[in-house]
Amino acid sequence: MTNTVDTPTDASRSTPPSGLIAVARAPGWVRYALLAVGLAVAAWLPNGLYPAVAVDILCWALFAVAVDLLLGFTGLMSFGHAAFWGTSAYVTGLVAIHVGLPFPLAVLAGALAAAVLAVPIGYLAVKRTGIYFAMVTLAFAQMVYYVANEWRSVTQGENGLQGVPREMFGVDLTDDYFFYYAILPIVLLGLAAAWRIVHSPFGRVLVGIRDNPARARALGYPVHRYKLTAFVLSGFIAGLGGGLFAVGHRFVSLDVLHWTTSGKAVIVVVLGGIGTLWGGVLGAALVVRLEDWLSFSGFEAIGLVTGGIFVLVVVLFRRGIWGSVAALAHRLAARRR
Amino acid sequence: MSGFAQNTFNGLVSGAFYALLALGLAVIFGMLRVVNFAHGAFYMLGAFGAYVLLAEAGVPFWAALVIMPVGLALLGMALERAVIHRLTKLDPLYNFLLTFGLTLILQDLVKLRYGVQSSPYETPSLLSGSVDFGLFDFPTYRVFILGFAVLLCVAVWWVLTRTRIGMVVRASTERPDLTRAFGIDVGRWVTPVFGFGIGLAGLAGVLAAPMRAVNPLMGADLIIVVFAVVVIGGLGSIFGSVAAGFGIGLVQAWGEAYLSNFPLVSQTIVFVVMAGVLLWRPAGLFGREEAPA
């Protein structure tokens with residue numbers, strides 16, 4: 001899924017997004033400088049923003065990176081990732097409430113549950129590609145939503161799970177400011193894992209499958225199995241984000257499983273830049289901040305704004321932020337040479 | 001036995017809505033390779049438009065049944081020209097995203113003006129009451145919907161198989177490049193076909209107004225089920241989409257009636273069927289295999 005596809009029928013054989021290549025080719029000191037800036041911003045964030053918003057940004061950053069792992073690096077647009085985000089949120093909440101595990105372990109349990117759910121959904125969904133993949137994942141996510149809605153004895157239905165504890169070995173984390181720093185290492189681990197996956201031999205095969213599935217198959221790679229593995233890994237990372245989101249809000253509502261959540265995750269990635277990994281983090285920060293600002297200023301029709309962003313980004317700004325910056329830097333570098 | 005007939009009848013009626021929406025999705029997909037997420041939003045606009053016309057201008061059902069589909073078809077054509085057209089050369093996922101954004105916008109516009117509560121819409125007096133079929137009687141309005149939808153599907157089938165326009169549409173649905181190679185201007189039919197599909201969604205919406213709760217969110221949940229329906233039927237096949245629409249309506253109604261101890265069944269059975277079809281025939285019951293991935 002890139003901007004350079006000429007005919008719709010040619011969609012499965014797209015060229016890699018420019019962003020990835022440009023950043024990978026950037027000189028080492030640029031990459032280290034970017035990493036340092038990123039870490040510095042992450043360390044400073046709750047001092048400059050309302051800490052609860054900073055926590056949301058971290059969670060959504062994981063979610064976006066998980067979606068980009070599939071969309072940008074495997075060429076599969078999951079429109080049902082709320083299933084994993086939301087399942088993990090519910091499992092994390094239930095484990096934290098009923099078992100009383102410290103929150104990192106509860107989140108781990110949630111993310112594992114999301115990964116387990118991703119196995120059957122992924123197994124069925126990878127049988128289709130392109131737009132069908134999006135429809136199939138969307139449909140299965142809706143099924144999960146209905147199940148959660150109907151299974152009131154466990155999920156409390158529309159009331160939601162209340163009072164998810166933020167317990168960690170007796171440390172008081174009720175203040176969002178401290179909670180942010182408690183989850184930051186987990187989030188950074190998740191992001192590093194995503195980076196590691198993309199730059200591993202496994203990740204290279206995924207990109208090869210994205211660019212030309214027939215060639216990958218001819219070379220002897222079991223395409224479906226690679227896609228399924230990527231899907232499960234992505235489900236796990238989305239689950240990490242969803243679990244942290246549940247603990248962060250101390251509350252889980254059906255919204256976490258709704259199709260609008262799946263859609264929002266995709267647009268966050270497109271806004272940041274498909275196939276750029278860190279673009280999704282930027283997109284998450286922008287969208288979460290904007291939504292917070294809108295709801296704070298009493299604007300009710302948030303969908304009007306997110307929908308508008310959706311339309312504008314898709315029509316005018318398909319490379320996304322990171323992709324545009326990377327392409328610009330690439331062009332400048334090429335001119336200097 | 002009369003219980004079974006009752007359930008079958010109700011299944012066919014809700015299947016009629018799936019079929020009308022799936023039919024519109026299929027012709028649009030065939031012509032433009034666009035999966036229109038906003039299809040549900042246009043269905044909602046059809047129902048809401050009928051409600052607003054009646055409540056605020058006193059326009060009766062029968063007039064709304066003409067005004068809304070035509071108006072929405074024109075709106076759809078304008079939309080196709082304005083934005084969707086620009087993206088059809090790209091990966092179809094972009095138009096999916098675009099129409100998703102449009103769905104959020106349309107929903108929230110209606111929500112802003114009319115709130116989220118459901119509005120009642122009275123059944124037109126001519127169609128109130130019930131029809132006696134000897135063994136059992138059915139609400140007249142539902143009989144009307146079923147008859148109307150079947151008639152529409154037959155009419156569309158007739159247009160598609162017996163007229164020149166239909167031939168062009170079918171040819172460009174199934175083999176767009178080959179059709180172009182024969183010197184047929186496929187592009188000329190794109191906008192009208194898009195408008196037609198949207199019009200069908202609007203029509204389904206007007207038909208739904210008297211029997212379903214009219215609210216801004218009525219289309220969104222429905223469209224996801226319709227996506228499952230077209231995956232089952234095979235989106236490339238117009239007949240398959242319609243057949244799967246009626247079929248899923250039936251299966252849902254039977255599930256609801258005979259497995260009533262499990263309230264989840266009627267809501268999730270469509271997805272279970274979809275999972276089965278993906279295992280057995282990934283391209284859909286009536287679909288053709290895609291190029292191997």
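## Helix H4 of chain B

The 23 residues of H4(B) should span 33 Å at 1.5 Å a residue, and the end C-alpha atoms of H4(B) are 33 Å apart, which agrees. The expected span of a helix is 1.5 Å times one less than its number of residues, while helices (H or I, at least four residues) and strands (E, at least two) are DSSP runs, numbered from the N terminus. This is a predicted model, in which local features need pLDDT of at least 70 and side-chain atom pairs count only at pLDDT 80 or more, whereas totals for chains, interfaces and linings use all residues. Residues are numbered from 1 along each chain as its sequence is written, and chains are lettered from A and ligands numbered from 1 in the order in which they are written.

H4(B) is mostly covered, with 18 of its 23 residues buried; a residue is buried if 20 or more other C-beta atoms lie within 10 Å of its own, exposed if 12 or fewer, and partly exposed in between, with C-beta atoms placed from the backbone. Just after H4(B), Gly115(B) takes a positive phi of about 75 degrees.

## The contact between the chains

Chain B gives 42 residues to the contact and chain A gives 48 residues, where two residues are in contact if their C-beta atoms, placed from the backbone, lie within 7 Å. On the side of chain B that touches chain A, the elements that give two or more residues are helix H3 (61-87), helix H4 (92-114), helix H9 (218-233) and helix H11 (264-280) of chain B. H4(B) supplies the largest share of that side, 16 residues.

The residues of the side of chain B that touches chain A divide into 30 nonpolar, 5 polar and 7 charged; here Ala, Val, Leu, Ile, Met, Phe, Trp, Tyr, Cys and Pro count as nonpolar, Asp, Glu, Lys and Arg as charged, and the others, Gly among them, as polar.

At 1.5 Å a residue, the 31 residues of helix H1 (residues 2-32) of chain B should span 45 Å, and the end C-alpha atoms of H1(B) are 44 Å apart, which agrees. H1(B) is mostly covered, since 23 of its 31 residues are buried, and just after H1(B), Arg33(B) takes a positive phi of about 60 degrees.

H1(B) and helix H8 (residues 187-208) of chain B pack at an angle of about 170 degrees, with their axes 9 Å apart; axes are lines fitted to C-alpha atoms, for helices over the stretch in contact, and angles run from 0 to 180 degrees between N-to-C directions. H1(B) and H8(B) are therefore roughly antiparallel to each other, given that angles under 35 degrees count as roughly parallel, over 145 as roughly antiparallel, 65 to 115 as roughly perpendicular and the rest as oblique. Among the residues that make the contact are Phe17(B) and Leu20(B) of H1(B) and Trp189(B) and Val193(B) of H8(B), and the residues of the contact of H1(B) with H8(B) divide into 20 nonpolar, 2 polar and no charged.

## Chain A and Val107

The secondary structure of chain A comes to 15 helices and 2 strands, and 52% of its 337 residues count as buried. Along its principal axes, the C-alpha trace of chain A spans about 55 × 45 × 40 Å.

Val107(A) lies in helix H5 (residues 103-125) of chain A and is buried, with 28 other C-beta atoms within 10 Å. Val107(A) and Ala246(A) are 139 residues apart in sequence and 8.7 Å apart in space, C-alpha to C-alpha.
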